[in-house]
Every structure is written in structure tokens, then in C-alpha cells.
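Morning, everyone. I will go through one model, beginning with a term and ending with a helix.

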Amino acid sequence: HSMASTEGELPAAPSADEERVALEAAARRVDEMKVEKALGEQSLELSRELNAADPQLILGLATLLWPGARCARVTGVMRDKLLIGAMGQSPIREELVWPLEPPLEDVDEVKPRILALRHQALAPGFDTMRAFGLLALTVALFGARYTSLHMFEGVREISRTIFGEHAQQGMEFFVHFTWSVHAAEAAYAYGVAKTNLNLPFEHALGWTLRTFLVGYGALGRLRRLHNARTLVSMETCGVTFWTPEEMASAREQRAQMKERRKAAEKKMAEQAEKRAAAEAAAAAKASEEAAAAAAQSVEDDMDEDDPIE
């Protein structure tokens, strides 16, 4: 009897706080679905605007995700991520994803949120493999000339083979030449970072120091970012530029497509209503005919049951 009564008990009704939390979660989900739908409809136009507004930023984000990126463009905007198509040494291509945390709450938030990533995207960096090779070469020359460590004996032997009795002067010349070139590259890097890319002083100084240490290992990436702004015409290296007239024409075409789609949907809905009405009328007629046939059958049965006079 105790088990039966326990099984028959109804679950406790949710409290007011639980109902409020559930309603807030449902409302949040509805808002998120509206934003996702709006982004899906405007993703192509937003991508074009971002590519035209700041291609340096887009390439910078791509190089943070994939150091081999040489050109990049935004291919889609979603609530929680930015989709970037990147191209490296042809024909290598990558589809990259930049996470957006927290997720977007409105379509109007897209451009400010993405453009605010500029300093992060253009932060000082290296082309790792190239930088490592150049740094190793510089250290080897410096160590062979100014230290007596045995690990640099191979460099000294190469110098003696090339320069003979002037091996020390030859190594010294290359050391001085290397640092002179790096100093010139560092000065150029500061000018590009500060003047052309309009980066803050700490970023410009970071690019300068990295270039002084590894030369083209850092300058190469900086120049790619700088040159991204000079890509010309409609499509070069995967980045698309739209003029205001072209963007207005694209918006007009999109509006026309929406109107045609709405007209087609309205026509399909009218046709569906007509079909439903015709099917309902046919079903009603068939029902009436079946009822009449049933009534006639009953009358026939009653006539058969009457006695014959």
C-alpha cells in the first residue's frame, strides 16, 4: 500500500524562481535565433564590407591562426565565430575560424567588434622558420668571430677556406654587414608600423626590435600586412574590394531577390490553400456520397425484409 501511494504521487510544481529562470532562458534562446537568422541573411554583405574596410586586419587575424597565410578574406560571419579563407604559397588554401567571445548580440555589433581586433591582429610577430634560420646564422657568425667555443669551429673553417689568411677580417666584415642591414631594416620597420599601419608606439617598437634581431624573419610578415592595404581592383590575392556604387547595386539586387522570394512564397501559399480547399470539398462530397449510399442500402434492406402481399 505504501509503494502504491508513493508511485501515485504527482511531481512537485516548479517554483516561481524556476519558472522565471526557464522563461529567461527561453527568451534568450529566441533572441539568439533572431541574431543567427539576421547574420545568415547579411553574412555575405558583412563579409564584403569587412574585406573592404581593413584587409590588413583580416590578414593579421589569418596569420595568427595560420602563420603561412599570405592573403586572406572574410568568407562568413556567424554569431560565435568569424570565417576566414586564407591562401599561402599557391595552391595551399585554408579555411580558418576566429572565435568571437562573447558571441555577438546584434548585427550592428559585427563591424565594431571585428575592427576592435586590429591591434591584436597586427601585434609584433615572426615568420618562425625564416626567423630561426636567420638568427642561427647571425649567432654562428658572431660566435665564430668573438668567442673561442669549439661549436663554431665549422664556421671558422669555412671562413678560412674562403678568405684564407684574412679569415678573421672576413668574419668581422660579415658580422658588421649583418648588423648594419638589420639596423636599416629595423628603421624601415618602425616607419611602416608607426606611419603606414598607424600602430601604437609599443607595437611599433616591438616590430623594430624583432626586425633588428632576425631581419627579414620579422620584416617579411610586416611587409605582407602593409601590402594588404594596397591590393588593387576587384579581386587580387583573394581579397575583394567593392566600390560604393557596387555595394548599392548589390543591396538593390538583394532587395529584389527578397521581393521575388516573398512573391513566390505567397503564390505557393495561395496554391496550397486552393489545393486544401479542393481536397476538403472532394472529401465532403465523398462523405455525402457515402452517407447517401449507406442510406440507400438501409432502405433496400428494409424493403427486402417487408412481407410480400
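A patch here is made of residues with over 30% relative accessible area and no salt bridge, where like charges are joined within 9 Å and nonpolar side chains (Val, Leu, Ile, Met, Phe, Trp, Tyr) within 5 Å. A salt bridge is a side-chain nitrogen of Lys or Arg within 4 Å of a carboxyl oxygen of Asp or Glu. Helices (H or I, at least four residues) and strands (E, at least two) are DSSP runs, numbered from the N terminus.

Some housekeeping. This is a predicted model, in which local features need pLDDT of at least 70 and side-chain atom pairs count only at pLDDT 80 or more, while totals for chains, interfaces and linings use all residues. Residues are numbered from 1 along each chain as its sequence is written, and side-chain values use heavy atoms, leaving out hydrogens and water.

Now the patch. Ile158, Ile162, Phe163, Phe173, Phe174, Phe177 and Val181 make up a nonpolar patch on the surface, and together they have about 670 Å² of accessible area (Shrake-Rupley method, 1.4 Å probe, with only the protein chains shown counting as cover for residues). Two elements, α7 (153–163) and α8 (167–196), each give two or more residues to the patch. The most comes from α8, with four residues.

Next, confidence. pLDDT is the predictor's confidence in each residue, from 0 to 100. Its mean over the protein chain is 80, and 85% of the residues reach 70 or more. Residues 1–6 have pLDDT below 50, and this stretch has zero contacts in the model beyond near neighbours in sequence; contact means heavy atoms within 4.5 Å. Over residues 230–241 the pLDDT stays under 50 as well, but there the model has 28 contacts beyond four places in sequence.

On to valine 97, which sits in strand β3 (residues 93–99). Leaving aside residues up to four places away in sequence, valine 97 touches Leu65, Lys81, Leu82 and Leu83.

Helix α3 (residues 55–65) has nine of its 11 residues buried, so the rest of the structure largely encloses α3. Among the buried ones are Leu57, Ile58 and Leu59.

Last, helix α9 (residues 201–214). Its 14 residues reach 20 Å from first C-alpha to last, close to the 20 Å expected at 1.5 Å a residue (1.5 Å times one less than the number of residues). Its buried residues include His203 and Trp207. Just after α9, glycine 215 takes a positive phi of about 65 degrees.

Definitions and conventions
Buried < 20%, exposed > 50% of the residue type's maximum accessible area, 1.4 Å probe, protein only.
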